Amino acid sequence: MAVEDLEINEIRALCQTVQEKYNYDFSNYAISSLKRRILRIMEIFKISSAAILNDKLRTDSLFFKQFINELTVNVTEMYRDPSLWRDLRDKILPNLFSTHNNIKIWHAGCSSGEEVYSMAILLKENGWLDKAKIYATDIDESILSKAKEGKYSLKNMIEVNEKNYIRYGGTKKLEDYYKVENGIAKMDASLVSQVTYRTHDLVKSGVFNKFDIILCRNVLIYFNQQLQNDVFKMFHESLFNYSYFIIGSKETLIWSEIATKFITVNQEEKIFKKVKE
Amino acid sequence: MSIEKLNIDKTQFRAVVIGGSAGSFQVITKILAEINPKFDLPIFMALHRLKHVRNGFIEALALKSNKVIIEPDDKESIKRGIVYLAPANYHMNIELGNKFALSTEEMVNNSRPAIDLTFDTASYVYKNKIIGIMLSGANKDGALGMKKLKERGGFTIVQDPAECTIDTMTRAAISSTKIDLILKSQEIIKFLNNLV
């Protein structure tokens, strides 16, 4: 019998266990989705109460890895919002390369890596691939190994990614960049041979480098405002002056402490430029 | 039909949530055109829509509307009297603390935005202070959300399946839980205007 609902105090107790035992802090995640993710985990692993889940988390660290994997949202697409990728290709990147020989890009919360491939293909098609150093990070180690593998469901590749790529207006066909093996699309590994994949917890890990572009699209929506504000500050610190910060099409910086340190480059695509340290 | 006869306190409500899919567009535009401009509860609309078309829907709905319609940003505050439309390719959740929380989680019932998620999260926050309205549509999305809304004490209304262009969604809602009122679209408008 599936658990129908969770109380706020049950969610808080779970967050506390995870904090104490594993040093991950989910207490400032948005409740609406956090609750649903936890209920989903209880359904998948047939756990009948929050108390049992709490015990399992306390005693079973292998289970915790699966917990993290299911808790975080790993739904992503290549070239989601094709118009953003056109803007990157036609304006943002040419602008950067007019003054830089090499740039550094951070995909923060890269999940299974679709955006990393979108970026790599874009760079390759425009002769920039060897001029860009990409860092791709996620909190979840197992999704990072999936990102490194570059294997995606063929169905998704054709129904979602290929359509987005066509809307974006790439110069080739998306299928030129993968091989089909047993119904799985295996991406061309040379695209990401220069990519550094590493685990990074946006809540705890902090600044680790400086970048010319940070993309963090539809990741912070799972955080509450207070935590978003903290992470925005960390991103601000991780950007060179006059470099770019890109968030999801329905995300906003407007109320955050660092809002005045950025100007809006493209309101529709949520591209911001850091103009103040 | 009048709200007095129903014996409900019309001041108890704090929000309205509406779900719709195929065949609901005309009903929605009619509701927005005929609703009293003074209607001051927030209205959350989860309507199935094309995922890759970000623009145009609001404009189409706004043409004859009496109300301001917004696709909320993530963590935007909920304001009275505004109509909120779930943005393309996002689920629209209602978050504790009077805010929206958007999500790009898995599709639910093949849909993002999913009606189930908006109904579920809205009723978790508003408990018995919310009215859920299900309109015409071609799948069963919303039935589970309607059930949760009812369990949490919300008030449930379904568009009369006989009037729906496609009645799959309304029938699914009706079979999932106790529906307080089954109304034609004109009566839904009357019901809402009675709350003013």
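**Sheet, hairpin and helices of chain A**

In this predicted model, strand E4 (residues 178-181) of chain A pairs with strand E5 (residues 184-187) of chain A over four bridges, in the antiparallel sense. Within that pair, Tyr178(A) has Met187(A) in E5(A) as its bridge partner. The hairpin of E4(A) and E5(A) leaves two residues between the strands, and Asn182(A) takes a positive phi there, near 50 degrees.

Chain A has an open sheet of seven strands with mixed pairing, and reading across it gives the order E6-E2-E1-E7-E8-E10-E9. Strand E6 (196-199) and strand E9 (262-266) of chain A are the edge strands, each pairing on one side only. Going from one strand to the next, the twist averages 20 degrees. Strands of a sheet can pair either parallel or antiparallel, in both cases through backbone hydrogen bonds. Strand E1 (residues 103-108) and strand E7 (residues 211-216) of chain A are a parallel case, joined by three bridges. Here Trp106(A) sits opposite Ile214(A) in E7(A).

Two helices lie across parts of this sheet. Helix H5 (residues 82-97) of chain A lies across E1, E7, strand E8 (239-247), E9 and strand E10 (271-274) of chain A, and runs at about 10 degrees to E10(A). Helix H6 (residues 114-125) of chain A, for its part, lies across E1, strand E2 (132-138) and E7 of chain A, at about 175 degrees to E2(A).

With 12 residues at 1.5 Å a residue, H6(A) should span 16 Å, and its end C-alpha atoms are 17 Å apart, which agrees. The buried set takes in Glu114(A) and Glu115(A) along with Val116(A), Tyr117(A), Ser118(A), Met119(A), Ala120(A), Ile121(A), Leu122(A) and Leu123(A). After H6(A) comes Gly127(A), with a positive phi near 75 degrees.

That leaves the contacts with the other chain. On the chain A side 15 residues are in contact with 18 residues of chain B. Helix H2 (31-44) and helix H9 (225-237) of chain A are the elements that give two or more residues to the side touching chain B. H2(A) gives the most, with three residues. Sorted by class, this side of chain A has seven polar, five nonpolar and three charged residues.

Key
Residues numbered from 1 in each chain as written. Chains lettered and ligands numbered in written order. Predicted model: local features only at pLDDT ≥ 70, side-chain atom pairs only at ≥ 80, totals over all residues. Pairing = 2+ DSSP bridges. Axes fitted to C-alpha atoms, helices over the stretch in contact; angles between N-to-C directions. Contact = placed C-beta atoms within 7 Å. Expected span 1.5 Å × (residues − 1). Buried ≥ 20, exposed ≤ 12 C-beta atoms within 10 Å, placed from the backbone. Nonpolar A, V, L, I, M, F, W, Y, C, P; charged D, E, K, R; others polar.
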